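Welcome, and thanks for taking a look at this one. Let's walk through the helices, rings and a few selected residues together.

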Amino acid sequence: MKQLHIYFLTSFLFAGLLTISGCSKPGGGASAKVQVQPKASNLALLNAEEDGGSTGGGNNDTGKKKSPGTLTGQIIVEGGVKKLPLLVVKGSAVKDAAVCSAGDIPDEKLIVNQNGGVANVYIYLAKAPKNATIPAAPKRVVEFNNVGCRFVPHTLLARTGQTILIKNKDTVAHNTHTYPVRNSQFNSAVSAKGTPLVYEEKEKIPVSVKCDFHAWMKAWHLPLNHPYAAITDKDGKFTIKNLPPGKHKFTIWHETSGMLDGGYVVVIDGSKDVKINFNASQFVTFAGPQPKTIRITALP
Amino acid sequence: MVLIMFVTLSNKFFQTRTCLFFSIPFFLLITGCGEHPQAQYVTSKVTNSLIDEARTGKFDKETNLNGVEDYLSKLFGTPAEMIAWQRLPIHYGGVQGTILEVKEGETFTVQFEKTVNAFTEPQPAYWMTKSENKEEQKGFTISNYNPVTNQITIQGELEKPPVAGTQFILNPGKQLKRGYNLYMQHCLHCHGTSGDGAGPTAKYLSPRPRDFRNGIFKFKSTKSGKKICRDDLVTTIQQGIPGTYMPSFLLLEKEELQAIIEYVRWLAMRGEMERQMSLDLAGLNSKAVFANMLSDLKGDEKETKEKKMLEELREYLQEEFPSEVNDMSLSISKKWNTVEEDNSTKIVPTKARPVYKNGSENFKQSVERGRLLFRNKQKGACIDCHGPAGEGNGAMTEAYQENKTVSPPQKYELPGLYDGWRNPIKPRDLTSGVYRGGRRPLDIYRRIRGGIEGTPMNAFNSQTLSEDEIWDLINYVMSLPFNKNQ
């Protein structure tokens, strides 16, 4: 009889457990009663007064008409910078050595000339100036080459909608893989004739470009919807022509540390020449641990 | 019932240890019977790396601007109260109608764009009005609808009744709600509440479940760089992804599948908005940047510099950020819309696959041509990743890659390839015969022509591989599982 009682107890217990285990109020899950509130497409919250940080093209308070001009300048680093080791040493056993280590491949991450001028620094307006007529994008194509397992040029400027023709001038396969923020990623093998790449949207900071086959290859693209941008040459010098008159806020960016200055203010009234100095400590990587220096050993 | 249980037992039983043994699990199980926690959307890593002012827009007691989290809650809401933003190309559900005539205060003659059956239970509705050039929406409840007279009756009084010509939506968000409930039932445990691929089960899975929040899906029929279309999402859920933990959901009804994919698309768009907004601010306003800019300074100098940086952020959030967010939403909507409306975004072979007789000489030659293409360093260098025998053990699996999705790029600790979600990824072992995106020749054609988005597998356009070459390559690849021991 006792056995029977125990069996009864067990079965009642299990039945009880089963029924009670579901007894809570539904939370956020499959049976939750959720609400949906529709919102109109054009929200007041997004139609803020546009102020591009540049007010070009108007008269100033004193009534004197300002004239457009050219901004020239030089970006200089103060203090010594370490010379970077070569990315690929000539003759080393890297991938596709016959083509890729036919010559030395320098590290173009930080190129400084003897006077401290820094190359490959982007200086540009983050937003097109208000009240100014933006000249249309040039019809010509921008060339971006894969030569000797390097991207040439290392830094590139383009207009949105302008075709960047990526050419493979090597006898090995290369692909170009971009990592933009606003645009879609581009990842395609490139041919000798040229594979076109078009950025539809403007970017706020330059887009990282790599080759999946050869890990050391990197470059930067910046698509903008206006022509008021430049990249410093090997002496750190740049020229931006036909800037509308008025106050402009420039972004200065370099790949070692990203934003060097997010709001460099220049007032244009005729041409202007500037010298922009940065401390050497601003040209180092700061985000995360230092990358390891790996010696690429023999690969088949 | 519990009481009856104990009463029917003999006294002796009360004193036995067995009683305790049975009652402990009983109590443990009912402890789950309280309130379940509310589901919440998580913020991404980049958003968390921003300073508080950029995330919340709160500078001091007076200044309360819109930061990243504010936009997300105002444009997308929370799981309990989602926002159906009409700008996004999502089929939220519900039926649109127009008010034709206002009878008495509560009865309106309306016209729906689709046939709606008569109903007598109250249904929620919203109408969109324009006041001072700004669109607003107001909620109201329709208590019944008569399709014969085309009249609706509204519950309660309206302070400002609508005029003829006003558009309204009956039962808005119906499909989104359904999608939400189904997602939480079937998808949440791997893909997570926010679609971040970090549900409770995710940590036990390799490969990891998809993180939808960058809007990138691997197996699709659209061209490289284009979004995934609804048909592809339905296929993925119906067929599952062989070789992974994504099962086939063929038992779901078509209507359920449509609801789930709308919700997944909504989560993907929400993730993309968050990503673009936080990356827009991260350049100057992440915690790391602030720390770096202020690290060399001390005391007053440090304070003034910090004040200046915060002032610049405040100005940016007030003046420029709203229009940037506006642009982001327009471009994201456009991208998702294009793949549904524009047929030219689909990858379609321009030349039909040649048909060969089984074991014919032509077929063998095609396979041989494919084998040579597979090894061709100039054409595609397939062996670099997939290995000389297609086993997925190519040279690239031993090289150190850099993480290029962060700026500046960092080298990964371990050698091998990594995907766009920073997870290690192995090139496909083509000898296994398991093809994740589908095993038809057309599917493999799409993987080669379009590449696999978010992975090192790049696209090969018709200039890099002609139609003939790609079909030869496919013949070789599909013969690999059968030639394993040759």
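With 25 of its 32 residues buried, α10(B) is largely enclosed by the rest of the structure. Buried here means under 20% relative accessible area, exposed means over 50%, and partly exposed is in between, with a 1.4 Å probe and protein chains only. From its first C-alpha to its last, α10(B) reaches 45 Å, close to the 46 Å expected at 1.5 Å a residue. That expected span is 1.5 Å times one less than the number of residues. Helices (H or I, at least four residues) and strands (E, at least two) are DSSP runs, numbered from the N terminus.

Helix α12 of chain B covers residues 299-319, and the 30 Å between its end C-alpha atoms agrees with the 30 Å that its 21 residues should span. Its buried residues are Met309(B), Leu313(B), Tyr316(B) and Leu317(B). Seen down the axis of α12(B), these fall within an arc of 100°, so they line one face of the helix; the arc is that of the directions from the helix axis to the C-beta atoms. On the other side of α12(B), the exposed residues are Asp300(B), Glu303(B), Thr304(B), Lys307(B) and Lys308(B). The buried residues of α12(B) pack against α5 (52-56), α10 (254-285), α11 (287-294) and α13 (321-341) of chain B, where contact means heavy atoms within 4.5 Å.

## How the model is read

This is a predicted model, in which local features need pLDDT of at least 70 and side-chain atom pairs count only at pLDDT 80 or more, while totals for chains, interfaces and linings use all residues. Residues are numbered from 1 along each chain as its sequence is written, chains are lettered from A and ligands numbered from 1 in the order in which they are written, and side-chain values use heavy atoms, with hydrogens and water left out.

## Chain B as a whole

Chain B has 17 helices and nine strands. Of its 486 residues, 49% are buried. Among contacts between residues at least 6 apart in sequence, 60% join residues at least 24 apart.

## Aromatic rings

Over all chains, the structure holds 20 aromatic pairs. One of them is stacked: Tyr412(B) and Tyr418(B) lie 3.5 Å centre to centre, with 5° between the planes. Rings of Phe, Tyr and Trp (its six-membered ring) pair if their centres lie within 6.5 Å; planes under 30 degrees apart count as stacked, over 60 as edge-to-face and the rest as tilted. Tyr412(B) is buried at 12% relative accessibility, and Tyr418(B) is buried at 13%.

Ring pairs also join Tyr41(B), Phe76(B), Tyr180(B), Tyr183(B), Tyr263(B) and Trp266(B) into a cluster.

## Two buried residues

Where does Ala202(B) lie? Ala202(B) is in the loop between α8 (188-191) and α9 (230-239) of chain B, and is buried with a relative accessible area of 1%. Leaving aside neighbours within four places in sequence, Ala202(B) is in contact with His189(B), Cys190(B), Gly197(B), Arg208(B) and Pro209(B). Its C-alpha is separated by 9.8 Å from that of Tyr245(B), 43 residues apart along the chain.

Over in chain A, Thr251(A) belongs to strand β16 (residues 246-254) and is buried at 3% relative accessibility. Beyond neighbours within four places in sequence, the contacts of Thr251(A) include Tyr122(A), Ile123(A), Tyr124(A) and Met259(A).
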